[in-house]
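The sequence and structure are shown first.

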Amino acid sequence: YNKVCGQVRGYQYGTPDGFVGPKDVDSYYVDGISITHGSPRKHLWTYAVGLSDDYDYPDYNCPCAKFPGPSPPSFVGNHYYCESGNTGPWEYHIYDEPLWDGEGCGAGNNCCAQSGMPWFCRALPQEVDDDIEVRNCA
């Protein structure tokens, strides 16, 4: 293959931290889903979860939130979506707002305006036959 496309659907539970963590593709660099291929791992796409779309948690929000959180690691580049199921202050429960669907974001952020949502497509520079790995990182 030389192109990978897909979609992930999830729901927020607990206290996700967006892109807080080690800046290493082999580690838990994101609270969310990491999609990679090959060995060593090569990044394809990341689905990140921030704590709130529009409340002041700058250490744990998405980079696109009203109060932006940390940027993704350099190996991620622009190949990611980040969203929170929460608008307002954090509460410990399962949020019923689907993540990464391009809808339901709070006012003052652009997390739902990311091009292509909910689908991602990533063209590779050359054809490969590597396994694709999908990891749930937290």
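## Disulfides

With 80° about the S-S bond, the link of Cys 105 and Cys 112 is right-handed; the sulfur atoms of this disulfide are 2.0 Å apart. A disulfide is here a pair of cysteine sulfur atoms within 2.5 Å, and the structure holds four of them. Counting bonded cysteines along the chain, the pattern is 1-8, 2-4, 3-6, 5-7. This is a predicted model, in which local features need pLDDT of at least 70 and side-chain atom pairs count only at pLDDT 80 or more, while totals for chains, interfaces and linings use all residues. Residues are numbered from 1 along each chain as its sequence is written, and side-chain values use heavy atoms, with hydrogens and water left out.

Cys 5 and Cys 121 form another disulfide, with 2.0 Å between their sulfur atoms. The link of Cys 5 and Cys 121 is right-handed, at 110° about the S-S bond. Because Cys 5 lies in strand β1 (residues 3-7) and Cys 121 in strand β5 (residues 119-123), the pair ties together parts that are 116 residues apart in sequence. Strands are DSSP runs (E, at least two residues), numbered from the N terminus. Cys 5 counts as partly exposed at 40% relative accessibility, and Cys 121 is partly exposed at 42%. Buried means under 20% relative accessible area, exposed over 50%, and partly exposed in between (1.4 Å probe, protein chains only).

## Cysteines around strand β4

Cys 62 is joined to Cys 82 by a disulfide, S to S 2.0 Å. This link of Cys 62 and Cys 82 is left-handed, with -80° about the S-S bond. Cys 62 sits in the loop between β3 and β4 and Cys 82 in strand β4, 20 residues apart. Cys 62 and Cys 82 are buried.

Cys 137 counts as buried, at 6% relative accessibility.

## The four-stranded sheet

An open sheet of four strands runs in the order β4-β3-β2-β6, with mixed pairing. Its edge strands, β4 and β6, each pair on one side only. Neighbouring strands of this sheet are turned by 15° against each other on average, direction ignored; axes are lines fitted to C-alpha atoms, and angles run from 0 to 180 degrees between N-to-C directions. Two strands pair if DSSP finds at least two bridges between them.

Strand β3 (residues 42-49) has seven of its eight residues buried, so it is largely enclosed by the rest of the structure. β3 pairs with strand β4 (residues 80-83) in the parallel sense over four bridges, and Ala 48 stands opposite Cys 82 in β4. Strand β2 (residues 32-37) and β3 pair in the antiparallel sense over six bridges. Four residues lie between the strands in the hairpin of β2 and β3, where Gly 38 takes a positive phi near 80°. β2 and β6 also pair in the antiparallel sense over six bridges. His 37 has Lys 42 as its bridge partner in β3 and stands opposite Ile 132 in β6.

## The largest pocket

The largest pocket has a volume of about 300 Å³. Of the 18 residues that line the largest pocket, the closest to its centre are Tyr 11, Tyr 13, Gly 32, Val 49 and Asn 136. A pocket is an open set of points on a 1 Å grid over the protein atoms alone, where a 1.4 Å probe fits, with protein on both sides within 12 Å along at least five of seven lines; lining residues have an atom within 4 Å of a point. The volume is the space filled by probe spheres set on the points.

β2 and β6 (132-137) each supply at least two residues of the lining of the largest pocket.
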